[in-house]
Amino acid sequence: MTLKECKKEEKADREFQKKFKFEGSINVLTQMMVDPAVVEKRGGGKNLPLRRGEILDVIQFTNKEQILCRNSQRRYGYVPRAVMLHL
């Protein structure tokens, strides 16, 4: 990873922590997959766009309805628990 890419990731992580009021280090708890049968949805606000079969990193189990996740493009957002499958 180049220095430029590393700085870009650090900036994205800082923006995430500010936007979601997340304190502490960002640790991946587990990985989950978006249900392949779900209708793809565009993200918006604090929601992450959903793509069928996508593998997401789980950052935090926020409540019974949503999970805070990160996708492969290092974008963060909330995802409904109902559309997530354990690997």
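# Exercises on a predicted model

Asn71 lies in the loop between strand E3 (66-70) and E4.

## Exercise 1: Asn71

Determine whether Asn71 is buried or exposed, and identify what its side chain reaches.

Solution. 
1. The relative accessible area of Asn71 is 5%. A residue counts as buried under 20%, so Asn71 is buried.
2. The side chain of Asn71 reaches the backbone nitrogen of Arg75, at a distance of 3.0 Å.
3. With neighbours within four places in sequence left aside, Asn71 is in contact with Leu48, Glu54 and Leu56.

## Exercise 2: The span of helix H1

Solution. 
4. After H1 comes Lys21, which has a positive phi, near 50°.

## Exercise 3: Aromatic pairs

Classify the pair of Phe16 and Phe20 and the pair of Phe16 and Tyr76.

Solution. 
1. The structure holds four aromatic pairs.
2. For Phe16 and Phe20, the centres are 5.3 Å apart and the planes make an angle of 40°; this pair is tilted.
3. For Phe16 and Tyr76, the centres are 4.0 Å apart and the planes stand at 20°. Planes under 30 degrees apart count as stacked, so the pair of Phe16 and Tyr76 is stacked.
4. Phe16 is in helix H1 and Tyr76 is in strand E4, so their pair ties together parts that are 60 residues apart in sequence.
5. Phe16 and Phe20 are both buried, and Tyr76 is buried as well.
6. Ring pairs join Phe16, Phe20, Phe22, Tyr76 and Tyr78 into a cluster.
7. The ring of Phe20 also has the charged end of Lys46 sitting over it, 5.6 Å from the ring centre.

## Exercise 4: Ile67 and Ala82

Decide for Ile67 and for Ala82 whether the residue is buried or exposed.

Solution. 
1. Ile67 is found in strand E3. Its relative accessibility is 1%, so Ile67 counts as buried.
2. Not counting residues up to four places away in sequence, Ile67 touches several residues, among them Met32, Val58, Phe61, Tyr78 and Met84.
3. Ile67 and Glu5 are 62 residues apart along the chain, and their C-alpha atoms are separated by 27 Å.
4. Ala82 lies in the loop between strand E4 (76-80) and strand E5 (84-86). Its relative accessibility is 74%; exposed means over 50%, so Ala82 counts as exposed.
5. Ala82 and Asp35 are 47 residues apart in sequence, and their C-alpha atoms are 8.8 Å apart in space.

## Exercise 5: An annotated span

Give the residues that UniProt lists for "domain: Helically-extended SH3", and describe that span.

Solution. 
1. In an unreviewed entry, UniProt lists residues 16-85 for this domain.
2. The span of residues 16-85 is 6% helix and 33% strand.
3. The end C-alpha atoms of residues 16-85 lie 24 Å apart.

Note on methods
Residues are numbered from 1 along each chain as its sequence is written. This is a predicted model: local features need pLDDT of at least 70, side-chain atom pairs count only at pLDDT 80 or more; totals for chains, interfaces and linings use all residues. Side-chain values use heavy atoms; hydrogens and water are left out. Helices (H or I, at least four residues) and strands (E, at least two) are DSSP runs, numbered from the N terminus. Buried means under 20% relative accessible area, exposed over 50%, partly exposed in between (1.4 Å probe, protein chains only). Rings of Phe, Tyr and Trp (its six-membered ring) pair if their centres lie within 6.5 Å; planes under 30 degrees apart count as stacked, over 60 as edge-to-face and the rest as tilted. A charge sits over a ring if NZ of Lys or CZ of Arg is within 6 Å of the ring centre and within 35 degrees of the ring normal. A polar contact is a pair of N or O atoms within 3.5 Å; within protein, one must be able to donate a hydrogen and the other to accept it, and residues adjacent in sequence count only if both atoms are side-chain atoms. Contact means heavy atoms within 4.5 Å. UniProt positions are given in the numbering used here, feature names are shortened, and annotations may be inferred rather than shown by experiment.
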